[in-house]
Amino acid sequence: MSSRTALLLHADPAFGAGAASFSSGLETLAADGLLTGPEQLVDVMLAAVRLRWHTFDRVFLARSHALGSGEVEARLDLDREVEVSMVGEAARVASRRSGTALLGTWQRLHHEAAATYRRRVLAEEGTGHLGVAQGLVWADLPLADAEALSCWAVLTACASSAVRLAVVGHRGAQEALVEVERRVAPLLAAPVDAAAVPHAFTPVHDVAIERHARSDVKLFAS
């Protein structure tokens, strides 16, 4: 399969990986009146990419991708590092559930490395995080393509959540995606520093996700 065709396959929103169950705090932000339209959606997506994905998830994705389809123990070490580095329990659970779902999808498609790693993940609590799983299942793609897919997954998850919450319509979501893509393109153009220390600072998102876990009425799991 060519890289371009593989990108289309992986980027298909119908290709199940569990992400549709999570709003990453957008449901709480909408309920609090902090997310009311396309302009606020752009701000939320930019923060999610610049202040978390680029400095945290992308770093672990790159490290996992460098391990190829093997190196199970080294990949588990990455998973453990993600687990102790994430602030909120709800965010950790969402990351693990999404990553395990992605591995499960590829296990059903007879991806031996995904199947092997998923068995180890299910046997050890606190592993199976999304960025690490992405690095494994996308190991045959160029790293730049894997990073673009991962970033796109963050953006489309935010956009689709906003549509389901009736914050924006489909046209507003597309306009927000176009604007954010233009502004994050320079981040994707520069490779991750091999010595980068994973870090994130998205307190508004983090608090919203944790508050959401205690909400009585909710459409999303986070």
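Helices α5 and α6 sit oblique to each other, where oblique covers the angles left over once under 35 degrees is called roughly parallel, over 145 roughly antiparallel and 65 to 115 roughly perpendicular. This is a predicted model, so local features need pLDDT of at least 70 and side-chain atom pairs count only at pLDDT 80 or more, while totals for chains, interfaces and linings use all residues. Residues are numbered from 1 along each chain as its sequence is written, and side-chain values use heavy atoms, with hydrogens and water left out. Helices here are DSSP runs (H or I, at least four residues), numbered from the N terminus.

**How α5 and α6 pack**

- The axes of α5 and α6 come within 8 Å and cross at roughly 140°; axes are lines fitted to C-alpha atoms, for helices over the stretch in contact, with angles running from 0 to 180 degrees between N-to-C directions.
- On the α5 side, the contact uses Thr100, Leu103, Gly104, Trp106 and Gln107, contact meaning heavy atoms within 4.5 Å.
- On the α6 side, the residues involved include Ala114, Ala115, Tyr117 and Arg118.
- The α5 and α6 crossing is left-handed, meaning the near helix is turned anticlockwise from the far one by less than a right angle, with clockwise giving right-handed.

**How α4 and α6 pack**

- Helices α4 and α6 pack at an angle of about 50°, and their axes are 11 Å apart.
- That makes this pair oblique as well: α4 to α6.
- Their crossing is right-handed.
- Val72, Glu73, Arg75, Leu76 and Asp79 from α4 meet Thr116, Tyr117, Arg120 and Val121 from α6.

**A closer look at α4**

- The buried residues of α4 are Arg75, Leu76, Leu78, Asp79, Val82 and Glu83; buried means under 20% relative accessible area, exposed over 50%, and partly exposed in between (1.4 Å probe, protein chains only).
- Looking down the α4 axis, those buried residues fall within an arc of 155°, so they line one face of the helix; the arc is that of the directions from the helix axis to the C-beta atoms.
- The cover over the buried residues of α4 includes α3, α5, α6 and α7.

**A closer look at α6**

- In α6, the buried residues are Ala113, Ala114, Ala115, Tyr117 and Val121.
- Helices α4, α5 and α7 are among what covers the buried residues of α6.
- The 12 residues of α6 reach 17 Å from first C-alpha to last, close to the 16 Å expected.

**Single residues to look up**

- Thr28 lies in helix α2 (residues 26–31) and counts as buried because its relative accessibility is 8%.
- Leaving aside neighbours within four places in sequence, Thr28 is in contact with Ala208, Arg211 and His212.
- Ala148 is in helix α8 and is partly exposed, at 32% relative accessible area.
- Ala148 and Leu76 are 72 residues apart in sequence and 23 Å apart in space, C-alpha to C-alpha.
- Glu71, in the loop between α3 and α4, has a phi near 55°, a positive value in a residue other than glycine.
- Ala166, in the loop between α8 and α9, also isn't a glycine, yet has a positive phi of about 65°.
- Ala166 is exposed, with a relative accessible area of 67%.

Technical notes: Helix = DSSP H or I, 4+ residues; strand = E, 2+ residues; numbered from the N terminus. Expected span 1.5 Å × (residues − 1).
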